[in-house]
Amino acid sequence: MKKIEAIIKPFKLDEVREALSEVGITGLTVTEVKGFGRQKGHTELYRGAEYVVDFLPKIKIEIVVNNEHAEAAIDAIIKAARTGKIGDGKIFVMPVEHVVRIRTGETNEAAAV
């Protein structure tokens, strides 16, 4: 099993969720986060004063999938989240050693779905 974490622009969340649903991914966790990469934030004007916004709002999506579904999920996220501009985000893929569904006690593959 793989855990996929994707950091995307907030306005792309619905498109990514729909794309994942189309490839059979139904469960996901979404967190509002802040951060920056190469873009290093930006400056804004507020009431005539210029100030630096170091941390930009982002969305972190986390899903756990079987190894066979990992590439399809990654491709779906890329296609739905890409704008072609700086700050589109990143995808991180990690192995998952053990999963337990708390309610039933199911483990691993049975608990991941």
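The model is predicted, so local features need pLDDT of at least 70 and side-chain atom pairs count only at pLDDT 80 or more, while totals for chains, interfaces and linings use all residues. Residues are numbered from 1 along each chain as its sequence is written, and side-chain values use heavy atoms, with hydrogens and water left out. Helices (H or I, at least four residues) and strands (E, at least two) are DSSP runs, numbered from the N terminus.

- Four strands form an open sheet in the order 2-5-1-6, with antiparallel pairing; two strands pair if DSSP finds at least two bridges between them.
- Strand 2 (29-35) and strand 6 (89-95) are the edge strands, each with a single partner strand, so one side of each has no neighbour in the sheet.
- On average, neighbouring strands of this sheet are turned by 20 degrees against each other, direction ignored. Axes are lines fitted to C-alpha atoms, for helices over the stretch in contact, and angles run from 0 to 180 degrees between N-to-C directions.
- Strand 1 (residues 2-8) pairs with strand 6 in the antiparallel sense over 7 bridges. Strand 1 is also joined to strand 5 by 7 bridges, and these two strands run antiparallel.
- Glu-5 has Phe-92 as its bridge partner in strand 6 and stands opposite Glu-62 in strand 5.
- Ala-6 has Ile-91 as its bridge partner in strand 6.

**Helices on the sheet**

- Helix 1 (residues 13-22) packs on the sheet and touches strand 1, strand 2 and strand 5 (56-65). Its direction makes about 10 degrees with that of strand 5. Contact means heavy atoms within 4.5 Å.
- Helix 2 (residues 67-81) also packs on the sheet, where it touches strand 1, strand 5 and strand 6. The direction of helix 2 makes about 5 degrees with that of strand 1.

**Helix pair**

- The axes of helix 1 and helix 2 are 8 Å apart, and the helices pack at an angle of about 150 degrees.
- Helix 1 and helix 2 are therefore roughly antiparallel to each other (angles under 35 degrees count as roughly parallel, over 145 as roughly antiparallel, 65 to 115 as roughly perpendicular and the rest as oblique).
- The contact is made by Glu-15, Val-16, Ala-19 and Leu-20 of helix 1 and by Ala-73, Ala-76, Ile-77, Ala-80 and Ala-81 of helix 2.

**Nonpolar core**

- The largest nonpolar core has 18 residues, and those with the most contacts inside it are Ile-4, Ile-8, Val-16, Leu-20 and Ile-63. A nonpolar core is a set of buried Ala, Val, Leu, Ile, Met, Phe, Trp, Tyr and Cys residues joined through side-chain atoms within 4.5 Å.
- Strand 1, helix 1, strand 5 and helix 2 are the elements that give two or more residues to this core. Helix 2 gives the most, with 7 residues.
- Apart from neighbours within four places in sequence, Ile-8 contacts Leu-13, Val-16, Lys-58, Ile-59, Ile-61, Ala-81 and Asp-88.

- Ala-81 lies in helix 2 and counts as buried at 6% relative accessibility. Buried means under 20% relative accessible area, exposed over 50%, partly exposed in between (1.4 Å probe, protein chains only).
- Neighbours within four places in sequence aside, Ala-81 is in contact with Ile-8, Lys-12, Val-16 and Asp-88.
- Lys-12 sits in the loop between strand 1 and helix 1 and counts as buried at 9% relative accessibility.
- Not counting residues up to four places away in sequence, Lys-12 touches Ala-80, Ala-81, Arg-82 and Thr-83.
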